[in-house]
Every structure is written in structure tokens, then in C-alpha cells.
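Please look over the sequence and the model below before reading on. The briefing that comes after them is arranged by topic.

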Number of protein chains: 2
Amino acid sequence: MAESWATFGRDLHLDLTGPGGVRAALTRALREAVRTGRLAPGTRLPSSRSLAADLSLARNTVADAYGDLVAEGWLTARQGSGTRVAHRAVPHPAAVRPAPPERDRRPAYDLRIGTADVSAFPRSAWLAAGRRAISAAPNDAFGYGDPRGHPVLRAALADYLARARGVRTEPARIVVCAGFMQGLAVLGRVLRARGVREAGVESYGLWLHRDVLRRAGLRTVPLTVDEHGARTEELTAHRGVRAALLTPAHQYPTGASLHPDRRAAVVDWASRTGSVILEDDYDGEFRYDRQPIGALQGLDPEHVVYFGTASKSLAPGLRLAWMALPGHLADEVAEVKAAGEWGTGTLEQLTLAEFIACGAYDRHVRAMRLRYRRRRDRLVAALADRAPHIAATGIAAGLHAVLRLPPGTEPSAIEAAAWHGLAVEGLNRFRYRAPGAPPTTPPAEGPDALVIAYGTPSEHAFEGVLEALLRSLPGPVQAASDGS
Amino acid sequence: MAESWATFGRDLHLDLTGPGGVRAALTRALREAVRTGRLAPGTRLPSSRSLAADLSLARNTVADAYGDLVAEGWLTARQGSGTRVAHRAVPHPAAVRPAPPERDRRPAYDLRIGTADVSAFPRSAWLAAGRRAISAAPNDAFGYGDPRGHPVLRAALADYLARARGVRTEPARIVVCAGFMQGLAVLGRVLRARGVREAGVESYGLWLHRDVLRRAGLRTVPLTVDEHGARTEELTAHRGVRAALLTPAHQYPTGASLHPDRRAAVVDWASRTGSVILEDDYDGEFRYDRQPIGALQGLDPEHVVYFGTASKSLAPGLRLAWMALPGHLADEVAEVKAAGEWGTGTLEQLTLAEFIACGAYDRHVRAMRLRYRRRRDRLVAALADRAPHIAATGIAAGLHAVLRLPPGTEPSAIEAAAWHGLAVEGLNRFRYRAPGAPPTTPPAEGPDALVIAYGTPSEHAFEGVLEALLRSLPGPVQAASDGS
């Protein structure tokens, strides 16, 4: 027995490169021996004196290691019975089923809508702003933060939104959130708690947004979208609807801007019925052929919740967005956000505040507006040159275009694009569907089109992407043979 | 009329310091004139030609500004009727009720539990890690992230937790979240969806945590806490309980460590009944008189969810925490987190990953362990010297101590501390209460004590805090006069 224990001692591998010195190394080695079954349950360990002698360690070191493992439950120490391996099955973790390789069959280029050209993320300017913000922050900035967001960021946003988007607000009405969808989830709960049951949504839009509203307990009612945006006049036909989610500056994804008459009508509807308009201003900064259209919120700050985001202007990875709220909603939104554990890191907030305050945000938006505009112009010119039968629409603003296709060719165009290494989505994917309907079933009635996020690829890839896209597009419809 | 318009033009204040040049300045000035009522609804504006002449601007500039405001809904343009101010009430934002001054009556020093000494946040090392991480990140790190957290951080955490806390996990089972409470909210929902109705909680703990479980739809069942931690053997008496939220390393807030027999018993209970233990390892890195007690999770990774956080080791403002999950829960947790819009910024995640990988996290924890330990020793010595009738308990680990008080003196001690500029909480505030019971009503049965977060003040303030605390403590109970 003594001999076998001597062997045991010699076989113990003490890894002294880890933290905590010899005692911790011995603790780890013994723990591993129990885990792997080398020390079976019930086995009595050598006395600390004898193991210490075998290992040339101080006796206390061994006694301490035994004590650690008793405290953790690996060993037991009983008067008169010595130190033994605990009499318990030591389960091994079940193998996790291997995750599918994340990059498997990933397309070479992603033209799906939803993100900026993240290769242009202004790393240096962001880091510089972070350095200034974090160096200068008072200590309490590192504590638990205000669920509305840090006051310094809210002040910077109130100022920025007023001047860039015509938003009328003040810091106390702004709530920072981790992305538009989080803000929408919070708002949905607040509205539902207030008795709102139904929300109007655009008949083209992102299914994820409709799902967020539905999870909050709201029924969604589609509003027809045409070339002037959503037909907001349809809201009056639904007497139960008390909220409407709209993309007034640049309808998502068709690209229309909401007609002035409809802007006026929807604000009047909200005011008359006590409803709330949720204005998703996802790419409001990017308008090319004229000044940006000011936010709808400016027309009636008491009935419009303005949502902005850094996902298109900077990068989705920041997880930073903001709401400018009517006064009667601000407190409730902050409470629901806090109770829902939707926290946002303070250091990123302070960095964004500094990034806005020092002018870097404006500079970046300006530079990206030029870049996206040039891409748009190249796309339009290339289509005119090589696929004149295909019109690009919704291109006055934003980071994407809608390419109208001959009827029935949308699915094959998507497949052709995939064959050329491009991930693209068809317009029909964005059509309103009743809850539970699969998002990929194309309904027969929608026009065929591709939604092309020309803003997504990196700059150096754009030329190749454009070429691949042009090759994917269906050719002009052949005139039927007339017998000649 | 022409004259009054000329006046109007001269009175328009064009602020050319804003963005967008003359056209944008004119648009802003006209918008303000409509907003403030200087231009009444229905008013016909001067022709673009005549206003341009008055302002010495190009006619197109004025026409463009008019166009912008028509698009936004402030003006209308009708064939034959010219450009008019829209016939709509322009509501002014209602005044927000002024928020109470946030720093009103704030105590000079906060000794309430829950945060690290944030004045020691390692700003330079954090910024340096951020610089390296963000400079080196691939572009796709700036896109929408994995709801589990960035793979680089999950790998760093898996390695760190194995070596520092004895956690047995792998990156695929780790989910990053914005604080422990967010993780608990996600887990609560997952368990509820699996049919769990009741969760055991410690009879002393943070009411906020119990509330998170209740909001997830779980009934909470209290387990008695004594000097050996929670009586986990009580779990077997509640046949419906299929989850237990515990603080094994350092009971919150009494400071006991869970007795080895109870550690073994609770893991056996979970394994036998198919239950899940939620291990809140909120300050597991900070143990002073011996090696840290390894995580309970190491005993049974398939039945214990390990929760760690940067709130105590670094700062709550980071909003970074993590779970190491049983294999059978990892996918569901990731799905629920994604659907709940609980996003976490990628750049902070990459910064933390680099901060861990370069050894700065270990160094910071080591330095803070020394600092907290010194403070604890000074607190204990000062009590022994000047208030020997008051025992400090739960002090083998963590950032707080529990000072036992003579019966009935807890409320007056809290008041006395407030009078000395200290915010402290009594132990009774942490006692389990049925839902809806106000947290500030002290139940009669609990022992009296103060929970003193000696880790919270900044280093330079500690001496003064200690002095103020000693003055707040009740004196020894006077022996009743024996007639001599």
C-alpha cells in the first residue's frame, strides 16, 4: 500500500505554471485524479505527512490542498476515517453535439440588408474617443448605470438628433438601448401594459420586427405599401389599432419616402386617437439627392417615438441605439427596460458620446454618405448599361436598392446569385405574413425584385460584387417568336 | 405684403454654423418659424424668387428648402395655391416633469453591497487591451454578433474559469450576458418553458434576484441559511422544486461558505431529480485566508449552471457576465437570449477577452484581493479595538462583512450611519419575503446586523468611512443596574 501510494505521489503531475503556486498545483492534480477516476470513490488518501514526504513538499501544503478539496466536495474528512475520495458518482460532462461549422457554405459576399460596410468602421477615431472618454470619466461611471443610458450620451444624442434629424427632444426623454429591436421590445411591452392590443405595420418590412411586437402581445395589422410609402390612411379603418410602426424616411425595404400628405395624416390620426407612432429611422442619415427628410417625430413629439441606431451609421457590433420618447412614456420605458434586464455597457456609451461631441460621428456619416452614394451611382450606371430592362428603385436614400425583376424570376435570380457567391434576398421575403407563416414561402401576389444592400460589402470587394450581381440578373424577356 | 415678407426674410436667423450649409440653415430657420407659430397655419409663403432676393440667396436654395419642408410635412405645395404652412396644429412637446435631482441627499459614502471599488478600475490596462483587440479584430466582428457572445471571449472565459474556478466547460457552452441578472432572466425563462414551476432560493439574498425569477414565472421557495450556508437538504422536502439558486462560495450576504456535505447533497439532489442548480459565483475570486473554493459546477457540469460576472472583479458599468451551461441547456439559452433582444456589444467583449488573455485580469484580481483583504483586516482590527462587542462574520471572502448587532439595534444603527453620511443596509433587508411584501419591513425573527461593503469606497476614502462607521455602531448593552 505504501508503495502504491509512493507511485501515486510520483505520478501526480504538478503543473507549476498555473496560478497559486505549489498548493494550487497539488489541488489541481488531486482534483484531476478524482475526476478522471484514478482515485476511485471511497479511496482513503495517504496521510498528508506521507504524501508530503513523497512529493518533497511541506506537510502543511498537502494538508491545505486536502482541505481545499474537502471544501469543494471532492474529498471527505471524517474523524478516525482519514481523508477519502467522496462517495459520489463524478459525472463527466456529456459531449456537446458539435455545432455546425459556422462558416460552412458561407457566400463569398453578403448583399443582405441590415448592416453598414463594417470594413469602414473608424477604428482609430473610435479608439481615440474611447481613450478620451474613459480617461475623463468620473469613477461613478463604472458603477451600475442609469437604465435610460448615461446622461452624457443622452445629452449628446438630444443635440445631435435635433440638428441632424429635426427631432425635438431633451435628454430626459431619451432612452439608450442595445439595438432597435431591444427598444421595440421595450416599447411593445409598455404599450401592451397600457392596453394597446393592435399595432399597424407596413406590409413590407422585417419579419423580425413584427415578431418582436407579437412577442410583446400585440396583434399586427398590415398597411399597404406603395410608391409613396405606407397607406397610413388605412389606419382609420382599424378602430382597435393604437400604434403604428413606420419607416417614414426610407420605407424598409422598398425605399419609398412617406408622402407629405400621409405624414400629416398619420400624425393627425395619432393625435386624434391617442395613438403612438413608432418611427424606425434606421438609415435617416443617408440621403443622397437632397437634404435628409427630417424625422416625423418633429411634427408631433408627444405622439411619435423616434428610434435611431448606430447599426447603419457605424456598426451593428456596437449594439447601441436610442429612442426619443413622448414625455408620457419616458418613465415607463425606463422602468420596463430596467426590469427586463436590458443593460447597456457604460463605457461604450461614453465613447459614443465623445465620438459625437468631437465631430467624428458627423465626419464618418459624411464620408460614408459619399461612399454609399458613389456605389449607388455605379450600380445604377451598370444596370443602365448592361441590364436596362431592370429598374433600380428606392435609391434616393439608404444603403440598399430594390431591383425590379420580370414577373416570376425572383427565386431563380436568388439562386443564380448564390451560384455566383452572393447572398441576396428577394423582396417577397419582406412581405407581411400572418404569424406562423413561413417567411420563405413567396406569396403569389407580390412583385418580383431583389433587395440589394450595396452598402454591405467592403470597398475593395464592391467591383467584384457588382460584376457577379450583373451576371446573376435574368435577361430581358424574349419577345415571343412571331413566325418570321 | 411684399414689405412684410421682406421683414420676414430679414428676421429669419440663418445659423450657418450648423451642418449642411445655407440650404439647411434656411430649412431650419423656416421650420422654427412654423414651430413657434411665427408662420401661422395656412399662411402663404413668399415665392422662392422673392425670398431668395430678400436673403441674397440663389433661388434654387430657397426652392430646395421649401421642398425639404414640404417633404417633412411642415409646408404644403399645391398647384395654383403656392407654398403654404400646413393646416395642422403643431403640437408643442409637453413639459417633462422635472426629474428629482439625482444626487439629492446622496450619502457621502456608500457602503451598500453590490459593486467593486470602481475607483480602482484599471483604465489604462483596459484601454490598452481595447486598442489591441479592436485593431486586430476581423471586420466581421463589427457585424451582428453571435447571441452566445463572441467566440474569442467564450474561449478566453472557458480557459480562465477552468484554471481560476475549477469550472468544467468549453466555449460552446458559455453564453455571455449583460450582467448576472440578465443571465438569470434568460435561465428563468428557459426553465419555465421546460415546465419548472418552483425554484429554491436562499432565505437571505438579493430581492432583485428573487424578482427576476418571479417575473420569469417561477415560484420561489426559501431555504434556511445558517452558518454553513443554505440548508440544501430542505430541497428534498419540496417535491415540485426543480431549480435552486445558490451562492456556494460565499453566501450572499451572510458570507458563509456552503458546507462540503451540503455541496455533495445538493449536487446529488439535482442529479437524482433532474434539477438544475444556478450557482451565483458573484465574488468567487476574492477569498483571503485560503485558496478560493472551486466552483460547485466542477462537481457536476450537467446539473449546475455557473454564473460569473465582471461586476465585482472589474466594474458593473461594463455590463459583462457569463454562464457556463450544461450541454442540454446551451442551445435553448442562446435562442431565448436572441429572442429577448438581450444584446451585448462585441467591442467590449473583445476587449475583455484580450484583457484576460494578456494576464491583466489575473493581475487586477490579485491586486484587488490584496487591497480588499487589507481593508477587511483593518475593519476587523478596528472593531476589536473600539467595538469588541460587535463581531464581524462572513469575512473569509468577498467584498463585504456582516457586523452582528445587539438585538433590536439594526434600524437605529442604519439611521446613525446615515447621520454620519454613510449609506448602509441591514441584514434584514436581505431576508426572504413572499412576493409583494415590502422589502423594508423588518421581520421580527431575523438577527440584527449591518452588511458592510468595505470593498465599495475608494481607497483614499476608506479611513474616513471606517471612522464614521465605528461612530455609528451601537455601544455595548449596559448591564442592568444591580442596585450597588
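What follows covers symmetry, the contact between the chains, domains, salt bridges and backbone details.

This is a predicted model. Chain A and chain B are related by a rotation of 180 degrees with 0.0 Å of shift along its axis, which is the relation of a two-fold axis. Between them, chain A and chain B bury about 7,600 Å², and each chain puts 98 residues into the contact.

**Symmetry**

- Superposing chain A on chain B by this rotation leaves an RMSD of 0.0 Å.
- Within chain A, W342(A) has the C-alpha nearest the axis, at 3.0 Å from it.
- Both copies use the same surface, since 100% of the contact residues of chain A recur in chain B.

**Contact between chain A and chain B**

- Chain A gives 98 residues to the contact, and chain B gives 98 residues as well.
- Of the area buried between the two chains, about 7,600 Å², carbon and sulfur atoms give 53%.
- The residues of chain A that lose the most area to chain B are R123(A), F142(A) and E341(A). Together these three make up 9% of what that side buries.
- Between chain A and chain B there are 34 residue pairs in polar contact, counting pairs with both residues at pLDDT 80 or more.
- On the side of chain A that touches chain B, helix α5 (residues 123-136) of chain A gives the most, with 8 residues.
- Sorted by class, that side of chain A has 41 nonpolar, 33 charged and 24 polar residues.

**Domains of chain A**

- Chain A is divided into three parts: domain 1 covers 13-96, domain 2 covers 121-358 and domain 3 covers 363-472.
- The centres of domain 1 and domain 2 of chain A, taken over C-alpha atoms, are 56 Å apart.

**Salt bridges**

- Side chains of opposite charge can pair when their charged atoms come close.
- Over all chains the count is 66 salt bridges, and between chain A and chain B it is 2.
- R78(A) and D261(B) form a salt bridge through their side chains, with 2.9 Å from N to O.
- Within chain A, the side chains of R148(A) and D331(A) form a salt bridge, with 2.6 Å from N to O.
- The pair R148(A) and D331(A) links distant parts of the chain, 183 residues apart. R148(A) sits in the loop between α5 and α6 (151-165) of chain A, and D331(A) belongs to helix α11 (residues 327-339) of chain A.

**Backbone details**

- In chain A, the peptide bond joining Y252(A) and P253(A) is cis, with omega about 0 degrees. P253(A) is in the loop between β9 (241-246) and α9 (260-273) of chain A.
- In chain B, a cis peptide bond runs from Y252(B) to P253(B), with omega near 5 degrees. The loop that holds P253(B) lies between β9 (241-246) and α9 (260-273) of chain B.
- S56(B) is a residue other than glycine with a positive phi, near 55 degrees. S56(B) is placed in the loop between α3 (48-55) and α4 (59-72) of chain B.

How values were computed
Residues numbered from 1 in each chain as written. Chains lettered and ligands numbered in written order. Predicted model: local features only at pLDDT ≥ 70, side-chain atom pairs only at ≥ 80, totals over all residues. Heavy atoms only, no water. Least-squares fit on C-alpha atoms with pLDDT ≥ 70 in both. Contact = heavy atoms within 4.5 Å. Buried area = accessible area lost by both parts, 1.4 Å probe. Salt bridge = Lys/Arg side-chain N within 4 Å of Asp/Glu carboxyl O. Polar contact = N/O pair within 3.5 Å; in protein donor to acceptor, adjacent residues only side chain to side chain. Helix = DSSP H or I, 4+ residues; strand = E, 2+ residues; numbered from the N terminus. Nonpolar A, V, L, I, M, F, W, Y, C, P; charged D, E, K, R; others polar. Domains from an automatic or database assignment.
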